[in-house]
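Morning, everyone. I have one structure to walk through today. Please have a look at it before I start.

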Amino acid sequence: NKLRILELGFGTITNMLAMNQLGYKVEGLEVSKDSVHRARIALAKLKIKNEIMVDSYDGGSVIPKKNNSYDIVVGLQCVYYNIDQSKFIYECNRLLKKNGMIFFSYFTHRHGYMKHIEGCPGGPVTFKKGHPNPRLVGLKPFLYKSKKQLINKFNQYFNTIVGREEFD
């Protein structure tokens with residue numbers, strides 16, 4: 001029986017392909033309908049459209065999937081767009097099977113995007129005009145101030161381990 005993974009905010013199918021090739025059953029949710037459309041075309045071209053399922057959702061804190069459905073929930077460089085992190089973390093916990101795991105990545109204070117925020121990490125901030133990715137201007141991500149703040153939030157539901165890998 002294959003382990004089930006849900007990737008939130010998949011953007012492209014690259015990560016899902018790798019997880020599928022490792023033998024996992026993979027599903028992806030994305031707020032961008034264009035990304036979902038492109039993913040479906042790519043999966044059809046690869047002749048694996050029935051192996052990896054992708055769908056769009058409204059984003060926000062409610063994740064439209066059944067309780068206890070996944071062994072792993074993944075969200076790379078996307079989960080900070082859920083302003084209500086407590087509700088979002090609760091939802092991820094709801095989706096996980098017993099002893100499930102989550103794997104998320106967040107911006108560090110040294111990421112180049114941090115030069116383009118209005119507000120202070122520790123809560124919601126706003127991406128300002130002049131951001132290197134114009135599609136992000138005006139978006140309001142939740143950025144953690146510290147490792148301690150993140151651990152305190154996640155430890156409500158999970159035994160939390162925070163690593164630090166920086167890439168741009």
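This is a predicted model: local features need pLDDT of at least 70, side-chain atom pairs count only at pLDDT 80 or more; totals for chains, interfaces and linings use all residues.

Residues are numbered from 1 along each chain as its sequence is written, and side-chain values use heavy atoms, with hydrogens and water left out.

Back to the strands. Two strands pair if DSSP finds at least two bridges between them. β1 and β2 pair in the parallel sense over five bridges. From β1 the chain crosses through α1 to β2, and this β-α-β crossover is right-handed. That means clockwise from the first strand over the helix to the second, with the strands pointing away from the viewer.

β1 has another partner. With β4, residues 70-76, β1 pairs in the parallel sense over four bridges. There, Leu6 stands opposite Val73. Four of the five residues of β1 are buried (under 20% relative accessible area; exposed is over 50%, partly exposed in between; 1.4 Å probe, protein chains only). So β1 is largely enclosed by the rest of the structure.

Next, the second largest pocket. A pocket is an open set of points on a 1 Å grid over the protein atoms alone, where a 1.4 Å probe fits, with protein on both sides within 12 Å along at least five of seven lines; lining residues have an atom within 4 Å of a point. The lining has 30 residues, and Gly9, Glu30, Gln77, Cys78 and Tyr81 lie nearest the centre. β1, α1, β2 and α2 each supply at least two of the lining residues.

Gln77 comes up again. The side chain of Ser105 reaches the backbone nitrogen of Gln77 at 2.8 Å. Ser105 lies in strand β5, residues 96-105, and counts as buried at 12% relative accessibility.

Last, some backbone angles. Most residues other than glycine have a negative phi. Asn99 has a positive phi of about 65 degrees. Asn99 is in β5, and counts as exposed at 72% relative accessibility. Asn68 also has a positive phi, about 55 degrees. Asn68 is in the loop between β3 and β4.

How values were computed
A polar contact is a pair of N or O atoms within 3.5 Å; within protein, one must be able to donate a hydrogen and the other to accept it, and residues adjacent in sequence count only if both atoms are side-chain atoms.
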